[in-house]
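Trainee: I am new to this structure. Please show me how to read its features, one at a time.

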Amino acid sequence: MRWELDWIANRARLSPDSIAVVDGETGSRFTFQELNKRAESIACFFRTIGIKKGDRVALISPNDVSYFDLLFACGKIGAIFVPLNWRLSSEEIKYILSNSSPKLVAFSSQFEELLKGHKTRKNIKIDSEEYHRIFNVVSTSIDQEECILEEDPLAIIYTGGTTGKPKGVVLSHQSILWNGINTIVSWNLSAEDVTLTYMPMFHTGGLNALSIPILMMGGKVVIAKNFEPKRAIQIINQEGCTIVLLVPTMYHMMVNTPSFKHVTFPTMHTFLSGGAPCPLEIYQAFEEKGLSFKEGYGLTEAGPNNFFIDPKISRFRRGSVGKAMFFNEVKIMTAEGHVAKAGEVGELLIRGKHVFHHYWNNPDATKEVYNDGWLHTGDLARCDAEGYHYIVGRKKEMIITGGENVYPLEVEQCISKHPAINEVAVIGVPHQKWGEMVIAVVSLMPEQHVSKTELTVFCQEKIGKYKVPKEFIFVEEIPKTHVGKIDKNHLQKTYKNIVG
């Protein structure tokens, strides 16, 4: 194996006694030396049960150190790590297992029911005595039988499957390595950095956004499972966290918890939001406390990290994800096929060594998103005259009503400024006259009331008439996806026939 690809062994050599991982639930702590030895033991175990280069190893578990055990062990022998979304149904899990055909499925006992009826060569419970005995066996040196190259697959992360069956995004050793290097260099990470990972580690945000880059640099990763805002605040200060990534829904819960008003975060230098565009009032809540807050942008197929913005600048450019990072390129292409001018909206394209390799067993889908070395993200963006980028929304979410383009994010940011609004999602539904009609699904703050007419007038004062929702739908809670994003696909299906 090329020495630079087994970077966890190199980090263990340089920082053997530094704390690498902390279990936020149990308080268990693992040094880099211990983390690497665990991976070596698992790799030897893999060899004894016949797992070799190219074989898949699946894991279904809440956030746990076993994610690192299996990922790093796979890296050492050329196997491929497949983390599974435990929030999926048994049928969906069955499809992914059938598609990836793992030789081993490791799982937490709480998810044993999800695996019923699926046969693999071997299953193992990560919370069993059998799993823990692996670490008591003295690992032998791992002589690489086959050469492992940068372009060889290291992980397959399945996308949500919102447009059909889930697609397996193949991340090579190169993809994960260069996402880490790019993030470290562009974001100025150091061995002093500490992050708290609440993002699910079966998702690229939980695994690759900060966890892997910070471990690569020699910092500390605190793993936590079920997000609870008061507990999250406690862990951030208890463990001396410096940079944290959460989705907007988590931040929304945090800024609305009573303890947020009084707490300070003495060690934090950056609160980072990702996964979906962040409401501007969350920026305001952090600015009022003098805390640095910014947005990032990513997708499973690209890193996920692609942009950097200094938090000092982000307060003056709310909503901007910044400029392309050090080792990647971006460009915006209009529907007419030319590079967008400043302020012009188009599709965001990305190129770099951190971009995914291909979709597993799906060459047609791969060809759809790759063109001349550029990844077509399907996201709409614009860039200002100074080179700062803004994500406008999904290409497929753009609403065309009466020939006018409406970007849901702009309308959502307008509506969310109303003091009665808790959360909002804007979608387009079919309309015989206009093609599509703009509607807003909203939930209200506790003990707040507002009428449809009041919201219409509120919007008319701030945005163009054609952008104002023709219908407001009030719900107790807006549905979310498995990573905490508002589930617009569910809303589309629910309200597609709202127009009589």
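Mentor: Start with burial. Buried means under 20% relative accessible area, exposed means over 50%, and partly exposed lies in between (1.4 Å probe, protein chains only). At 0% relative accessibility, Tyr 67 therefore counts as buried. Some ground rules: this is a predicted model, where local features need pLDDT of at least 70, side-chain atom pairs count only at pLDDT 80 or more, and totals for chains, interfaces and linings use all residues. Residues are numbered from 1 along each chain as its sequence is written, and side-chain values use heavy atoms, with hydrogens and water left out.

Trainee: How many aromatic pairs does the structure hold?

Mentor: The definition comes before the count. Rings of Phe, Tyr and Trp (its six-membered ring) pair if their centres lie within 6.5 Å; planes under 30 degrees apart are stacked, over 60 edge-to-face, and the rest tilted. The structure holds 22 such pairs.

Trainee: Which parts does the pair of Tyr 67 and Phe 81 tie together?

Mentor: Helices (H or I, at least four residues) and strands (E, at least two) are DSSP runs, numbered from the N terminus. Tyr 67 is in helix H3 (residues 66-77) and Phe 81 is in strand S4 (residues 80-83), so the pair ties together parts 14 residues apart in sequence. Phe 81 is buried too, with a relative accessible area of 0%. Another pair is Phe 265 with Phe 271: the centres are 5.1 Å apart and the planes are at 80°, so this pair is edge-to-face. Phe 265 is buried at 5% relative accessibility, and Phe 271 at 1%.

Trainee: Which residue lies over the face of Trp 187?

Mentor: A charge sits over a ring if NZ of Lys or CZ of Arg is within 6 Å of the ring centre and within 35 degrees of the ring normal. Lys 294 lies over the face of Trp 187, at 5.3 Å from the ring centre. Arg 382 lies over Tyr 390 at 4.2 Å.

Trainee: Now strands. In what sense do S3 and S5 pair?

Mentor: Two strands pair if DSSP finds at least two bridges between them. Strand S3 (residues 56-60) and S5 are parallel, with four bridges. Ile 60 has Phe 107 as its bridge partner in S5. Four bridges also join S5 to strand S6 (residues 122-125), again parallel. There, Val 105 has Asn 123 as its partner in S6.

Trainee: Which way do the residues of S5 point?

Mentor: In S5 (residues 104-107), Leu 104 and Ala 106 point one way, Val 105 and Phe 107 the other, and all are buried.
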